[in-house]
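Hello,

Here is the structure I promised to pass on to you. Please have a look at it first, and then read on for what turned up in it.

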Amino acid sequence: MSSRAVSYEQLAGISACLALALLAHLGSLPVWVLVTVAVSGGIRLLLARRGRTAPPRAVRLVIALLAGTLLFLQFRTFNGLAAGTALLALMAGLKLLETDTQRDIYVITLIIYFLSVAALLEGDSFWLLAYLIGVCWLTTATLLRLTSTLPAPDWRRSLTYAGRILSQALPLALVFWLFFPRFAGPLWHMPDDGGTAGSGLSDTMSPGDITELALSDEIAFRVRFATAPPPPQERYWRGPVMHNFDGHTWRRAKFTSMTAAALQPQGPAYRYTLSLEPHQHNWIFALDWPSHWDLPRAALTSDYTLVQPDPVSRPIDIAATSYTRVQSSDPLSTRMRQRDTELPPHGNPRTAQLAQTLRGEHPDDMDYVRAVLNLFTQQEFYYTLTPPKLAGDSVDKFLFETKRGFCEHYASAFAILMRAAGIPARVVTGYQGGALNRFADYWIVRQSDAHAWTEIWIDGHGWLRIDPTSAIAPSRVQHGLNDAVSADEPLGSRWHRRTPWLADARLRLDALRQLWRERILLFDQDSQQKLLEWLNIPEPDGQKLVMVLTVALTLVLTWLTWAVRREIDPVRKEPLLRAYSRLCAKLAGVGIPRLMHEGAEDYAARVAQRRPDLGPAVTALCRHYCILRYAAAPARISLGQFDAAVRAFRPSSKQRQHAGARADR
Amino acid sequence: MATLRQAATDKLRAWTARRHGRDSLPVTINRRRVYILPTRFGIMLAFMLTAMLIAGLNYNSNLGLAFAFLMVSIALVTMHHCNRNLLALQVDVTTEADAFAGGEAGFEFMLRNEANVDRRDVEIRCMNAAGMRSVLARSSESVRVAIPVPRRGVVRLDQFELRTRYPFGWFHAWTYVQASLTAYVAPSPKGDRALPAAGGTGSALRSETRGDEDFAGLRAYEPGVPLKHMAWKVLARGGEAAVRSYTSLAAQPEWLEWSSLAGQDTEARLSQLCLWVLESEAAQRVFGLRIPGREIPPARGPAHRFACLRALATYAIAEPR
């Protein structure tokens with residue numbers, strides 16, 4: 001049966017399904033793979049249109065070898081998600097080229113299903129899932145049309161039937177999804193694809209980097225506070241810390257020890273859950289300064305950045321506790337002091353000169369800090385998203401000529417002025433602020449909230465956060481970027497922030513997205529445990545989970561069996577037949593089942609003979625049934641009345657023994 | 001592999017025969033007798049589903065898992081639908097068929113679907129022959145299954161099989177119906193002897209046997225009469241169904257004799273007799289058949305013809321129970 005030749009229509013159907021499945025991989029597959037698949041599908045369709053079979057075996061073999069080699073040259077492996085997906089796509093395309101029998105098409109449907117899963121391993125949006133379920137529906141309907149030998153059902157019927165199967169599968173799939181045990185980590189480590197570039201902040205900072213981010217509306221993370229949120233001027237989200245300055249660019253230290261000195265909390269503790277979007281770097285943003293977190297693999301570096309061994313490539317949730325004000329009584333080690341006061345020997349001479357002068361006037365560290373900040377406020381420094389380009393001694397140019405800059409310019413200049421005066425200083429990058437989603441009570445931190453500030457070492461106090469930007473543009477820290485820059489600045493998608501209802505709609509949409517993320521994407525062992533607790537199962541563990549899975553599966557499968565069989569029940573959808581068979585069932589219950597060949601009137605007569613007490617009632621009911629079913633003239637009794645009468649009819653089984661006894665005699 | 005499968009199938013057939021006993025036709029397929037297994041394609045699907053699940057678990061992707069579980073569920077639902085495709089289907093069959101050696105014995109199966117859903121791709125198999133049909137909701141279809149019969153004799157089947165791969169070809173549901181089908185395989189009609197002249201051994205007198213050359217009046221209708229002899233005008237006038245009666249000019253019974261073919265082997269003799277039967281019937285002659293142990297008195301018509309052919313088919317072969 002499956003070796004029957006394919007028709008043009010079947011080929012076209014399966015090609016369309018394959019194209020739709022590949023559409024989900026459009027961004028990630030190499031273009032030449034897509035082109036190969038499209039070309040081989042096109043050639044095969046063209047041949048089929050002219051009633052020809054697949055091209056000869058040798059041609060196909062050469063194409064397959066060529067494509068396989070190319071693929072290997074590009075990826076250097078067939079392992080891993082990206083290479084595997086490309087290989088599958090190629091296989092489907094080449095299979096299409098050689099498709100002659102229905103068996104080949106079956107293989108392609110399997111590849112389509114697998115491509116769908118591969119797309120979902122990468123993507124995580126609701127729409128992608130919905131789209132791929134749609135593709136699955138279409139593919140299944142195509143399969144239905146393949147299997148039918150005799151006049152194939154039309155598309156609408158196929159889609160209806162496939163849709164019915166899909167809808168009956170949904171409850172079963174839900175049970176599997178909810179109760180199938182999840183594992184904490186991957187079963188084995190897959191090679192990192194490496195092709196994905198990081199987004200957001202990076203481990204270097206040059207003038208202009210953060211300015212670029214300020215134009216992006218992309219979400220970096222969301223935060224739900226379990227306690228009251230900290231005031232805006234303390235809402236600093238710590239990211240990578242920069243130590244090394246080469247005259248232009250700040251960099252992270254190459255080697256950072258993982259021993260962070262203990263801090264004494266000064267203010268209230270803030271507990272929150274941070275839902276981090278994947279950014280392909282290994283640091284995890286946390287409210288400055290993090291003290292506890294629930295990610296076992298994450299640790300603090302000596303400069304208090306929370307890092308984990310692998311890059312964040314999937315969305316993760318971190319429950320953490322932070323203190324916005326801390327002190328440290330430990331002294332700074334000489335090595336760290338040396339690292340954080342180091343400046344390139346040459347370059348930016350005027351800045352060094354300025355530092356020397358100011359330091360001469362203010363020997364006290366804090367006095368000196370205040371003097372530098374005053375410099376920023378008293379002179380004509382501007383906070384702008386479009387600072388002039390800086391070449392050569394960038395800090396000199398900024399401080400003495402352009403005087404226009406964004407947060408990274410100020411943080412950089414401030415840190416250099418500190419170091420030039422012998423005060424240990426470092427640049428901290430991260431985010432500042434965030435917007436409350438008042439519809440769902442969480443905070444959204446976008447790339448446009450990216451920020452850079454400085455920390456200086458004050459003996460006896462420890463590291464102290466100084467944000468020079470707040471001296472220039474206090475509203476940046478208080479109210480966010482939008483209020484800090486003037487209206488003519490090219491701030492990304494500013495207009496919808498100014499339209500209240502549109503902004504509300506965006507927030508509501510984001511609330512849904514966050515719900516999707518919390519409930520669906522991050523559903524894990526803990527969620528399953530909570531689910532079992534919610535089901536009132538004491539001390540939930542893996543074994544109980546499997547038991548619940550078994551019970552739920554049994555229930556749903558029983559329902560499924562019933563639902564599927566119900567459709568072939570001939571009396572379904574025929575209320576009259578249903579009512580009549582109910583009557584027959586009641587009479588069978590008292591020992592007089594209807595015989596296969598017996599009509600309603602004969603049956604009534606037999607019942608009346610066996611059970612004279614039931615005779616009149618049964619005779620009347622059967623007559624009504626005959627009239628309702630066969631009479632052309634309108635009946636005096638309606639279907640509803642007949643049904644009610646049958647329901648009300650309760651034959652007693654009492655006389656049964658009597659009748660039986662009589663028969664025995 | 002193939003023989004192993006064959007052995008397993010034979011075991012199952014024997015077991016189902018013991019389990020269900022003989023069926024009385026028409027049979028309504030109930031769920032206790034429907035068996036189901038994945039097809040080769042279904043096993044491929046199972047491997048793929050396993051790979052999907054492992055990928056979903058490995059990448060910790062809840063959406064990937066959701067899709068994989070959906071596919072697993074679709075497969076489970078499909079299993080129920082495949083099974084259902086046979087349930088409550090009524091099967092009837094004409095239990096006897098006539099054929100000539102080297103030809104095919106065609107059994108007519110009736111599939112009756114009283115449910116509101118279509119039953120697509122229902123296949124009926126007897127021995128190595130099969131016929132497939134879709135039975136739409138609330139309708140009946142007939143399926144002819146032609147079994148090749150190379151040799152003369154009686155072919156008896158103890159059971160036949162209903163199977164389906166609908167909807168997706170992932171599963172293969174089947175059931176055995178324990179009903180005996182008998183094919184009477186007459187010898188293949190061949191020979192070079194001319195048809196013996198009428199009255200060769202019978203009486204030379206012109207007898208009043210029914211023929212169809214001369215009209216001889218009306219007589220009462222009896223089943224089996226050729227339709228062209230029906231007296232339609234009488235019926236149209238409101239009279240009883242009547243048949244125009246004819247006398248045949250050559251209405252003397254002709255005997256087809258086994259003994260007249262001395263010198264040939266058994267099968268050649270039977271083939272020649274078979275050819276004569278067909279020729280006589282085609283010529284609308286009245287004929288009788290005499291073979292050792294069996295004598296069929298002169299008559300004509302389809303029933304007579306079948307009786308003769310069956311006599312030839314079963315000659316020297318034990319008649320089935």
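Predicted model: local features only at pLDDT ≥ 70, side-chain atom pairs only at ≥ 80, totals over all residues.

Most residues other than glycine have a negative phi, and most peptide bonds are trans. Lys403(A) belongs to the loop between H12 and E16 of chain A and is partly exposed, with 17 other C-beta atoms within 10 Å.

As for peptide bonds, the one from Asp288(A) to Trp289(A) is cis, with omega near -5°. Trp289(A) is part of the loop between strand E9 (286–287) and strand E10 (290–293) of chain A. In chain B, Tyr166(B) and Pro167(B) are joined by a cis peptide bond with omega about 0°, and Pro167(B) is in the loop between strand E10 (160–164) and strand E11 (171–177).

**Chain A and its helix H12**

Chain A has 665 residues, of which 36% are buried, and contains 25 helices and 21 strands. Of its contacts with a separation of 6 or more, 73% link residues 24 or more positions apart.

Helix H12 (residues 394–402) of chain A, which Lys403(A) follows, has Ser394(A), Val395(A), Asp396(A), Phe398(A) and Leu399(A) buried. Helix H10 (349–361), strand E16 (404–405) and helix H13 (407–420) of chain A are among the elements covering these residues. H12(A) and H13(A) pack at about 105°, their axes 10 Å apart, and are therefore roughly perpendicular to each other. Val395(A), Phe398(A) and Leu399(A) of H12(A) make this contact with His409(A), Ser412(A), Ala413(A) and Ile416(A) of H13(A). Sorted by class, the residues are five nonpolar, two polar and no charged.

**A helix pair in chain B**

Helix H2 (residues 40–58) and helix H3 (residues 62–84) of chain B have axes that come within 8 Å and cross at roughly 155°. The two are therefore roughly antiparallel, and the crossing is left-handed. The H2(B) side of the contact includes Leu45(B), Leu49(B) and Met52(B), while the H3(B) side includes Ala68(B), Met71(B) and Val72(B). Eleven of the residues in this contact are nonpolar, two are polar and none is charged.

**Between the chains**

How many residues of chain B are in contact with chain A? There are 48, and they meet 50 residues of chain A. H3(B) gives the most to the chain B side, with 19 residues. That side has 29 nonpolar, 13 polar and six charged residues.

**Cores**

The largest nonpolar core has 138 residues, and Leu115(A), Val117(A), Met71(B) and Leu312(B) are among those with the most contacts inside it. Helix H5 (residues 102–122) of chain A brings the largest share, 14 residues. Beyond its neighbours within four places in sequence, Leu115(A) has contacts that include Ala21(A), Leu22(A) and Leu88(A). Another core, of 77 residues, lies apart from the largest one, with Ala220(A), Leu276(A), Tyr304(A) and Ala355(A) among its members.

Notes. Residues numbered from 1 in each chain as written. Chains lettered and ligands numbered in written order. Axes fitted to C-alpha atoms, helices over the stretch in contact; angles between N-to-C directions. Helix = DSSP H or I, 4+ residues; strand = E, 2+ residues; numbered from the N terminus. Parallel < 35°, antiparallel > 145°, perpendicular 65-115°, else oblique. Left-handed = near helix turned anticlockwise from the far one by under 90°. Contact = placed C-beta atoms within 7 Å. Nonpolar A, V, L, I, M, F, W, Y, C, P; charged D, E, K, R; others polar. Core = buried A, V, L, I, M, F, W, Y, C linked by C-beta atoms within 7 Å. Buried ≥ 20, exposed ≤ 12 C-beta atoms within 10 Å, placed from the backbone.
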